[in-house]
Amino acid sequence: MIKHALLARFEARPGKEAEVAQFLGAALEMANQEAGTPLWFALKLSERVFGVFDAFDTEAARQAHLDGPIAQALMASADALFVRQPQIEAVEVLGLKNAALAG
C-alpha cells in the first residue's frame with residue numbers, strides 16, 4: 001500500500017524554464033526504470049516554479065529513490081537550473097484514489 005511520498009519544489013532561474021521542463025522529461029524516463037516508484041508526477045506550478053510528487057509502498061523504496069539517479073541528476077544540475085536548492089519533503093500519504101491502481 002502506498003504510504004510514503006516525496007514532494008519536491010524548485011524555482012527555475014530566469015530563462016531556464018525550458019531546460020527544467022526538459023530535465024523533468026528525462027527524469028520521467030529514469031522514474032520508469034524504478035520498480036519501487038509506482039507513482040511519479042512532474043508538475044508545473046507557475047511560470048518558473050516546478051515540482052515533483054512521487055509515492056512509494058515502503059520507506060526503503062523512498063530512500064532508494066532519494067539515493068538514485070534522479071536525485072543525483074537533480075542536485076548536480078541545481079546550481080545551473082534553480083534559484084535555490086530544491087526543497088524536498090518526505091510526506092505521508094493519508095489517502096489515495098487512483099483508478100489505474102484500483103484494477
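By class, the lining of the largest cavity has 13 nonpolar residues, one polar and one charged. Here Ala, Val, Leu, Ile, Met, Phe, Trp, Tyr, Cys and Pro count as nonpolar, Asp, Glu, Lys and Arg as charged, and the others, Gly among them, as polar.

Before I go on: this is a predicted model, where local features need pLDDT of at least 70 and side-chain atom pairs count only at 80 or more, while totals for chains, interfaces and linings use all residues. Residues are numbered from 1 along each chain as its sequence is written, and side-chain values use heavy atoms, leaving out hydrogens and water.

Back to the cavity. A cavity is a set of points, on a 1 Å grid over the protein atoms alone, where a 1.4 Å probe fits but cannot get out; lining residues have an atom within 4 Å of a point. How many of 30 Å³ or more does a search of the whole structure find? One. The largest cavity has a volume of about 150 Å³, that is, the space filled by probe spheres set on the points, which are joined across faces, edges and corners. Its lining has 15 residues, with Val52, Asp54, His65, Ile70 and Leu74 nearest the centre.

Now the surface. Met75 is found in helix 3, residues 69–81; helices are DSSP runs of H or I, at least four residues, and strands runs of E, at least two, numbered from the N terminus. Met75 is partly exposed, at 41% relative accessible area, whereas Gly95 is exposed, at 59%. Buried means under 20%, exposed over 50%, partly exposed in between, with a 1.4 Å probe and protein chains only.

Technical notes
1 Å grid on protein atoms, 1.4 Å probe; cavity = no way out; pocket = protein on both sides within 12 Å on 5 of 7 lines; lining within 4 Å.
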